[in-house]
Protein chains: 2
Amino acid sequence: MKFSRMFIPTTKEAPKDATLPSHQYLVRGGFINQVGAGIYNFMPLGKIVLDKIRAIVKEEMDNAGANEVLMSFVTPLELWEESGRANVMGHELLKFKDRKNAGYVLSPTNEESVVDIVKNRVTSYKDLPLNLYHINTKFRDEARPRFGLMRGREFLMKDAYSFHATQEDLVREFNLMEETYKKVYSRLGLEFRVVEADSGAIGGSGSKEFMILANSGEDTIVVCDSCDYGANIEAAKRKELKKEKLETKQIEKVHTPNLKSIEEVTNFLQIDPYYSIKAVIKKAIFKNSVETVVFFVRGVDELEETKACNAVDAIDLEDATPEDLEKANLIAGFCGIIDFPKNIKVVFDKELIGENNIVCGANEEDYHLTGVDLTALDLEYKDLVVVKEGDTCACCGGKLTYTKGIEAGHIFQLGTKYSSAMNATFLDSNGKAQPFIMGCYGIGVSRLVAAVIEQNHDEKGCIWTKSTAPFMVDIIVSNSKKEEEAQAGEKIYNELKANGVEVLLDDRINARFGFKMGDFELIGFPYAVVIGKKLQEGLVEIIDRKTLEKVDVALEEVTSKLLEFIK
Amino acid sequence: MKFSRMFIPTTKEAPKDATLPSHQYLVRGGFINQVGAGIYNFMPLGKIVLDKIRAIVKEEMDNAGANEVLMSFVTPLELWEESGRANVMGHELLKFKDRKNAGYVLSPTNEESVVDIVKNRVTSYKDLPLNLYHINTKFRDEARPRFGLMRGREFLMKDAYSFHATQEDLVREFNLMEETYKKVYSRLGLEFRVVEADSGAIGGSGSKEFMILANSGEDTIVVCDSCDYGANIEAAKRKELKKEKLETKQIEKVHTPNLKSIEEVTNFLQIDPYYSIKAVIKKAIFKNSVETVVFFVRGVDELEETKACNAVDAIDLEDATPEDLEKANLIAGFCGIIDFPKNIKVVFDKELIGENNIVCGANEEDYHLTGVDLTALDLEYKDLVVVKEGDTCACCGGKLTYTKGIEAGHIFQLGTKYSSAMNATFLDSNGKAQPFIMGCYGIGVSRLVAAVIEQNHDEKGCIWTKSTAPFMVDIIVSNSKKEEEAQAGEKIYNELKANGVEVLLDDRINARFGFKMGDFELIGFPYAVVIGKKLQEGLVEIIDRKTLEKVDVALEEVTSKLLEFIK
């Protein structure tokens, strides 16, 4: 392709709200442009990158035996009412009415659609397993669309849905999808980590996320420095913090005037904060109600909100207000488990199981209790705390650290959540109707365009990986008005094309060398060939975009040299 | 691919509302299924066909030098307000509001989006011409979605938009697109006709349609039996009907009690109806008003509504009611041009130019006039009449006939309609700002899936053309439980795959031969290889789906024979 025949609207100005490199460079490099909040057009170069990623995803899904379909983007609201998600999904689910006043939604995901397809069309265990996927536009009306393609409202997603007769078969497919996804990200040339994840609003049990490692990632990932363990902080586990057990004592009430924080109280009492508990008071939003809930964690730990939310099966948690506390008879800074108000739900972190001598609030202004024996009480324990850097890996005893990642894939073991709700069943080998056991598997295809750049860029612009680059080589004719330079450009262009290399010839007559070079660095093709003054000596220059290293090569050897580099 | 691993939900039952063969067979063959009114999912086989058509369209557009982009499906309403189409398009344009109450539409076409992209990014005549296209979902909230994929609400369209500095350059690109489209339809294996067309709501001047010939087509096309001329009936031209000129006479008022039709009046007056005119009274819907309009055509002609609508630049025409006539002082059956009510718009068919002695109504109940001289009046003449079968071709003098077609493509010379409205300009060679001169070019990609079947089917099912077939060969193992048959199937399967043939192996254990055969005929792969009883003699059968001819072939020769057929 020739630069002069392609629409590549590069620009010096980044959008004002663009904080991420991918957002800045994709707009500046003429890959995308914004239409509205969280809505983008893909320009010719952006479309090529998107298609390359899409093709790799498709190939690996096909290799894994999944069947590609294309489900509609507009789906009837009634399907979402059947599954129960019409209300649960909130404003992200964009609903509208057609000219006949029938309700529809713009698909944010397609569990409902696919169950509706399979229902009554797959009727026997003999027809299972089945994995249907599609790569199609999604729309989620995010409250704060931002970061360019990273958190858009209209985006391209690959979503796959599998159907099984048994849980074991689901686990087999789940593992196959994990391997398939690894192949996808490897082929894209990305550094990634598979981590344990929270299942979120989709529901179901086991789930894993595929994190593209990048400093700008929105997600914090906990990884082990000596084994393969990795998890989203929302789902991370650690080896239990363990200190010497104290002797059981009598409960004692201590006057702790104005000492509200764990630090203040334990300093005053001369006690290791490990042996104290603190209350985190939240307002939990449930489907049909809002309740005040209290979570107790060790004085040295912090509450992980997603874990807490899952622990009480809430839709969301908000901070409790002073009015909430008053209504619930709870005293900020002095909340404890003895004489705890009835009818208020309370959950303890599971690392507190067995504690027999602990400090907590007395549920009375300016008083704490010491010597509280939790083993004497009937309590509910759940995993509630944030895993911290330096904590010990539960798998190997190594040290856990944080890293940042971009969620680019998520696989779920859904179970029968949707099939049961929508009454989609098959006949098992005994002729008995059973709900399908399902898995679902997503890859953010358009988000990956941005993720590649988040992981691969420098201060000059994009650095595409070889499998995602819109063209492998950019031939820069320094001065296209000079006949011999233009001819040399054409010659190399034709040679590379004949060798199957995707190549762009920057033949623009009116663009100066510096401008062409700037476009090369901004757009980020893996290699450039510069045809300039040294052509008189029969030499041209090859530049590696990643290292910016330059090497002079004889005109006749350019193609063979580049073929060597590309390998 | 193996049948047992693919989701191909064939069924005996067609949807109740399915009148067209393509609608029936695409659903029954497991290619598509309905989600809601005019909204369909593509199942694995349907997705393959769609992709094949899409790929051919893309290849030919790329060959023609167009740049592929991907414009968003959801677009801001304000763009549509800028172009003035927000209201003009009526209910087909589906509008909705997001969570922040901002107005959006589901794109039914993308003139506004593309002008918004090019505006301020292409600034000089040096950057022209430019042709941007995309292949993306569209949504039109049709009042009566029907005929399966033929007239859906959500559908896949290729739409291209070109930008030019001069009208000549637009014409060059328009002609290039015509040639490109011809290549597309030829490669798809379709019989088609390029016809002159009405430009409809898109606006602009010249336009051509690409009609796939099929009995079920919604469009009537006028074609010449001796030259290449073809036109949609809405835009068809003919050689003027010409009869001997009469002598000029005095106007005379004749009592014609209750004689309202042309036939009655001219019979009564013993005059050739060619020398009479009739009034067709319509209510014309304009952007901001509704008016009664009268069209006069020869007594032997009929009014063509689209031509009439264009003649007065209305959005739509409706039949005038008795109340409309009364209000306008018009008398049904006796409406004429002498003493015609003022303030009522009137248009004459252009073939009436020069008529000097004609019969028309007297604008008085039960009276007509004879000897009316139109040349004495200041009238507006436009092309208004339906071209009939048997009329004479204006190009060659041949005979015109009707045929039926499915509109599968439409190309337009838009001119500056959208660029002017949206203030999108470039600097010409004199440094003067000019609005872009535009063309636009559409292909109904998902409609083509149906069009292929409308043109190619029989009473048993689909007959795909070679370039659109989901698989070229279906290997039918009569009884998959018989080891030798299954093995022969695998052998042929592997051989064909090794030779690059797209092949499906019907290896279903529990399906009987008749069922597999029925699926082959319904789905419509070009060839089947049947492995059955004759295998003992070393023979298998090749069936040509189109002719249903069968030929016995030695096992070793199947591949070479099929390769020969496929060529």
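Modeller: E18(A) and strand E19 (residues 367–372) of chain A pair in the antiparallel sense, over 3 bridges. Two strands pair if DSSP finds at least two bridges between them. Helices (H or I, at least four residues) and strands (E, at least two) are DSSP runs, numbered from the N terminus. This is a predicted model: local features need pLDDT of at least 70, side-chain atom pairs count only at pLDDT 80 or more, and totals for chains, interfaces and linings use all residues. Residues are numbered from 1 along each chain as its sequence is written, chains are lettered from A and ligands numbered from 1 in the order written, and side-chain values use heavy atoms, with hydrogens and water left out.

Biologist: Which residue in E19(A) does Gly361(A) stand opposite?
Modeller: His368(A).

Biologist: What is the strand order in that sheet?
Modeller: E13-E19-E18 in chain A, an open sheet of 3 strands with antiparallel pairing. E13 (252–255) and E18 (358–361) are the edge strands; each has a single partner, so one side of each lacks a neighbour in the sheet. The twist averages 30° from one strand to the next.

Biologist: Which helix packs on the sheet?
Modeller: H7 (residues 262–269) of chain A. It touches E13, E18 and E19 of chain A. Its direction makes about 105° with that of E13(A). Angles run from 0 to 180 degrees between N-to-C directions, and axes are lines fitted to C-alpha atoms, for helices over the stretch in contact.

Biologist: Switching to chain B. At what angle do H1 and H11 pack?
Modeller: About 110°, with axes 8 Å apart; H1 covers residues 21–28 and H11 covers 445–455. H1(B) and H11(B) are therefore roughly perpendicular (65 to 115 degrees).

Biologist: Which residues meet there?
Modeller: From H1(B), Pro21(B), Ser22(B), His23(B), Tyr25(B) and Leu26(B); from H11(B), Val449(B), Ala450(B), Ile453(B) and Glu454(B). Contact means heavy atoms within 4.5 Å.

Biologist: And H2(B), how many residues does it have?
Modeller: 20, residues 44–63. H2(B) reaches 28 Å from its first C-alpha to its last, close to the 28 Å expected at 1.5 Å a residue. That expected span is 1.5 Å times one less than the number of residues. Gly65(B) follows H2(B), with a positive phi near 90°.

Biologist: Last one: how many residues of H5(B) are buried?
Modeller: 7 of its 8, residues 111–118 being the helix. Buried means under 20% relative accessible area (1.4 Å probe, protein chains only). Among them are Glu111(B), Glu112(B) and Val114(B). Just after H5(B), Asn120(B) has a positive phi of about 70°.

Methods. Angles under 35 degrees count as roughly parallel, over 145 as roughly antiparallel, 65 to 115 as roughly perpendicular and the rest as oblique. Buried means under 20% relative accessible area, exposed over 50%, partly exposed in between (1.4 Å probe, protein chains only).
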